[in-house]
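Hello,

I am passing a structure on to you today.

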Amino acid sequence: MGKFSAALSTSERTLRITVAALMRACGENQTVLAVGLRLTQGQVSRKQTGRAAWSLGDIDRLSAHYGVPVPDLLCGPTHAVGKLSPQRIAAVIGGSQEVITV
């Protein structure tokens, strides 16, 4: 049982790190991601801090939101970010894709 729990927590940790890397690469914050996943910002925050788990449905929505197949989401942050469409990547990594008009 202990080995299974350790493997599960490693997978969950990898997914949290991957989601953070995808958010950064796309210039998104938790609020933007929450809208894309039909969750609240608080729910995304709890999932990203490990206080709540990402469900299989959440992972399917992450896949659709980022255009990255589910298996690629589970291969780690470098792999998943490499699968992003060039249109999804922010001009400045960690920057915002929002356009402000004056």
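Below is what I found, going from the overall fold to single residues.

Please keep in mind that this is a predicted model, in which local features need pLDDT of at least 70 and side-chain atom pairs count only at pLDDT 80 or more, while totals for chains, interfaces and linings use all residues. Residues are numbered from 1 along each chain as its sequence is written, and side-chain values use heavy atoms, with hydrogens and water left out.

The protein chain has six helices and zero strands; helices (H or I, at least four residues) and strands (E, at least two) are DSSP runs, numbered from the N terminus. Of its 102 residues, 33% are buried, meaning under 20% relative accessible area with a 1.4 Å probe, protein chains only (exposed is over 50%, partly exposed in between). Among contacts (heavy atoms within 4.5 Å) with a separation of 6 or more, 54% link residues 24 or more positions apart.

Next, the inside. A nonpolar core is a set of buried Ala, Val, Leu, Ile, Met, Phe, Trp, Tyr and Cys residues joined through side-chain atoms within 4.5 Å. The largest one here has 19 residues, and V19, L33, W54, L62, Y66 and L84 have the most contacts inside it. Helices α1 (2-26), α2 (30-37) and α4 (56-66) each supply at least two of its residues, with α1 giving the most, six. Setting aside neighbours within four places in sequence, L62 is in contact with V19, L33, L37, W54 and L73.

Helix α1 also gives the most to the lining of the largest pocket, with five residues. A pocket is an open set of points on a 1 Å grid over the protein atoms alone, where a 1.4 Å probe fits, with protein on both sides within 12 Å along at least five of seven lines; lining residues have an atom within 4 Å of a point. This pocket has 13 lining residues, and S11, E12, L15, W54 and I59 lie nearest its centre.

D72, in helix α5 (residues 70-73), is buried yet has no salt bridge, the nearest side chain of opposite charge being K83, 4.7 Å away. A salt bridge needs a side-chain nitrogen of Lys or Arg within 4 Å of a carboxyl oxygen of Asp or Glu. R88 follows α6 (77-82) and counts as buried because its relative accessible area is 18%.

Best wishes

Note on methods: Lys, Arg positive; Asp, Glu negative; His and termini not counted.
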